[in-house]
Amino acid sequence: MHAPRFTPPGLVPELQTERLLLRAFRIEDLPEYVALHQDPDFYRHLTKQPMPEEDTWRRMLTLIGHWALLGYGYWALEERATGRFCGTVGLAEYHRDFTPSIKDVPEAGWVLAPRLHGQGYAAEAVAAALAWADAHLAAPRTVCIINPENASSLRLAARFSYREIARPTYHNEPIVLLERRVGA
């Protein structure tokens, strides 16, 4: 049995879109988050292999921890119509080691349950997260990295004014590094 969980008030701002609630992670999200990381349609452009529950749990804790340390982080996505966890969106600082360096630059990211792909949910979530970032972060830019084979994420990034600035290698894999100036 788990001890009661507590999210400090105001730690993770809650945002709403037409169809989504962007909120703090809850322990109840873990089974759905693990299921996502086991779905080949989900992980094929991310980790190239399923992520075990232990690593998914660690990732969830990392995403939550950003809010406490940096004042920004990732939101859990919940379908408002069903109350079901369906992905994540937000900004992070991973101290990734590649050139050009993006250390100390908020890195945007998004992942969505494959059952919702192609329906505009990702654009809805990214729009809300970037609007919040533009209003609350002092950073002049954000970046994102995308697998060059992930055409849908590359299109989504372009829709939000992310422009390619480099094609470095990260963990022996090619990536596309994109940048967005605040207010773009």
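1. Let's start inside. In this predicted model, the largest nonpolar core takes in 46 residues, and the ones with the most contacts within that core are Trp75, Val89 and Trp110. Helix α4 supplies the largest share of this core, with nine residues.

2. Trp110 is a handy place to look next. Setting aside neighbours within four places in sequence, tryptophan 110 is in contact with Tyr74, Thr88, Val89, Val126, Cys144, Ile146, Ser153, Leu156 and Ala157. One of these partners, Val89, is also listed with Trp75 and Trp110 among the residues with the most contacts inside the core.

3. Now the overall picture. The protein has five helices and 10 strands. Of its 184 residues, 47% are buried. Take the contacts between residues at least 6 apart in sequence: 62% of them join residues at least 24 apart. The accessible surface comes to about 9,800 Å², and carbon and sulfur atoms account for 52% of that area.

4. On to the charges. Side chains of opposite charge can pair when their charged atoms come close. Here the count comes to 13 salt bridges, and a few deserve a visit.

5. Which residue forms a salt bridge with arginine 180? The partner is aspartate 134, with the closest N and O atoms 2.9 Å apart. This pair links distant parts of the chain: arginine 180 sits in strand β10 (residues 176–181) and aspartate 134 in helix α4 (residues 121–136), 46 residues apart.

6. Elsewhere, salt bridges that share partners tie Arg23, Arg26, Asp29 and Glu78 into one network. Within this group, aspartate 29 pairs with arginine 23, and their closest N and O atoms are 2.8 Å apart. Aspartate 29 and arginine 23 are both buried, so if you want to find this pair in the viewer, remember that buried means under 20% relative accessible area.

Key: Residues are numbered from 1 along each chain as its sequence is written. This is a predicted model: local features need pLDDT of at least 70, side-chain atom pairs count only at pLDDT 80 or more; totals for chains, interfaces and linings use all residues. Side-chain values use heavy atoms; hydrogens and water are left out. A salt bridge is a side-chain nitrogen of Lys or Arg within 4 Å of a carboxyl oxygen of Asp or Glu. Buried means under 20% relative accessible area, exposed over 50%, partly exposed in between (1.4 Å probe, protein chains only). Helices (H or I, at least four residues) and strands (E, at least two) are DSSP runs, numbered from the N terminus. A nonpolar core is a set of buried Ala, Val, Leu, Ile, Met, Phe, Trp, Tyr and Cys residues joined through side-chain atoms within 4.5 Å. Contact means heavy atoms within 4.5 Å. Accessible areas come from the Shrake-Rupley method with a 1.4 Å probe; for residues, only the protein chains shown count as cover.
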